[in-house]
Amino acid sequence: MKPYILAPSIIASDFANISTELATCESAGADWIHVDVMDGHFVPTITIGPLFTEALKRNTELPLDVHLMIENPEAHVKSYAEVGATNITVHIEACRDAKKVIRQIKSLGCKAGISLKPSTSIKKIEPLLSIVDIVLVMSVKPGFSGQAFMPKMIDRVKVLRKKLDEVNPNAHLEVDGGINAKTLLQMKSAGANAFVTGNAAFKHKGGTFVGVNELKKLII
């Protein structure tokens with residue numbers, strides 16, 4: 001089993017104070033910074049691009065866990081690798097040739113991940129499980145921050161944990177969407193080891209440090 005990882009999603013942070021938010025995440029025990037990239041086509045929302053990602057890299061020592069919710073990802077992965085992405089995860093639904101994109105990401109020196117929407121069958125990613133570094137399970141529909149957690153995705157994580165243990169036990173099994181103290185523990189029990197959290201980290205009534213630190217304590 002891989003070590004447990006907490007990855008606050010920067011999309012939920014205060015962009016006007018981004019360097020402070022990043023420093024707070026580091027001091028509170030975050031392991032990665034999750035970077036949600038949306039293009040307004042694959043998902044309805046437009047978020048951030050390579051320039052902002054490069055600014056994040058200049059302001060933190062934490063690995064950048066870049067999640068590309070975009071069409072034609074093969075045309076853009078190089079840009080994110082060049083500005084400092086540690087991990088690059090793409091969506092099976094957006095790839096013309098997913099194996100080729102995974103190989104491309106690895107050739108750029110990054111860890112490669114595959115993700116799928118809640119409505120997409122696990123069978124779509126099964127041929128990739130043995131070659132990826134990360135499998136990212138969306139527990140909300142991709143595209144909007146603050147959505148309610150989908151309990152059905154707990155069983156999806158259980159299935160994928162079993163499959164990864166058989167073919168690629170060193171891969172991270174990451175979850176993203178509606179992750180708070182309760183759902184983190186549910187997904188941890190199901191077999192996930194990496195947890196993306198947005199509002200529970202950055203919108204905590206006690207502030208970002210408390211939000212991140214309380215979640216980190218659940219996986220130490």
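Two strands are taken to pair if DSSP finds at least two bridges between them. Helices (H or I, at least four residues) and strands (E, at least two) are DSSP runs, numbered from the N terminus. The model is predicted: local features need pLDDT of at least 70, side-chain atom pairs count only at pLDDT 80 or more, and totals for chains, interfaces and linings use all residues. Residues are numbered from 1 along each chain as its sequence is written, and side-chain values use heavy atoms, with hydrogens and water left out.

Eight strands make up an open sheet, in the order 1-8-7-6-5-4-3-2, and the pairing is parallel. Its edges are strand 1 (5-8) and strand 2 (33-38), each of which pairs on one side only. From one strand to the next, the twist averages 20°. Axes are lines fitted to C-alpha atoms, for helices over the stretch in contact, and angles run from 0 to 180 degrees between N-to-C directions.

Strand 6 (residues 134-138) pairs with two of these strands. Four bridges connect it to strand 5 (residues 111-116), in parallel. Here L116 lies opposite V137 of strand 6. Five bridges connect strand 6 to strand 7 (residues 172-176), again in the parallel sense. In this pairing, I134 faces H172 of strand 7. Elsewhere in the sheet, strand 3 (residues 64-69) and strand 4 (residues 87-91) are parallel and share four bridges. H67 is placed opposite T89 of strand 4.

Burial was assigned from relative accessible area: buried is under 20%, exposed is over 50%, and partly exposed is in between (1.4 Å probe, protein chains only). Strand 6 is largely enclosed by the rest of the structure, because five of its five residues are buried. I134, L136 and M138 point one way from strand 6, while V135 and V137 point the other way. In a regular strand, side chains alternate between the two faces of the sheet.

Contact means heavy atoms within 4.5 Å. Helix 4 (residues 98-107) packs on the sheet and touches strand 4 and strand 5. The direction of helix 4 makes about 150° with that of strand 5. Helix 5 (residues 153-167) lies across strand 5, strand 6 and strand 7. Relative to strand 6, helix 5 runs at about 165°.

Helix 8 (residues 208-217) has T208, G211, V212, N213, L215 and K216 buried. These buried residues pack against strand 1, helix 1, helix 6 (181-190), strand 8 (194-197) and helix 7 (199-202).

Charged side chains were examined next. Lys and Arg count as positive and Asp and Glu as negative; His and the chain ends are not counted. A salt bridge is a side-chain nitrogen of Lys or Arg within 4 Å of a carboxyl oxygen of Asp or Glu. Seven salt bridges are found in the whole structure.

One of them joins K78 to E82, with the closest N and O atoms 4.0 Å apart. The two residues are four apart in helix 3 (residues 77-82), so about one helical turn separates them. K78 is partly exposed at 47% relative accessible area, whereas E82 is exposed at 60%. Another salt bridge joins D155 and K158 (4.0 Å, N to O). These residues are three apart in helix 5, again about one helical turn. D155 is partly exposed at 47%, and K158 is partly exposed at 45%.

E126 and K163 also meet in a salt bridge (3.0 Å, N to O). This pair links distant parts of the chain: E126 is in the loop between strand 5 and strand 6, K163 is in helix 5, and they are 37 residues apart. E126 is partly exposed at 33%, as is K163 at 26%.

E21, in helix 1 (residues 18-28), is buried yet has no salt bridge. The nearest side chain of opposite charge is that of K203, 6.7 Å away. Neighbours within four places in sequence aside, E21 contacts S13, D14, F202 and T208.

Cysteines were considered last. A disulfide is a pair of cysteine sulfur atoms within 2.5 Å. The structure holds zero disulfides. For C95, the closest cysteine sulfur is that of C110, at 15 Å, which is too far for a bond. C95 is buried at 13% relative accessibility, and C25 is buried at 0%.
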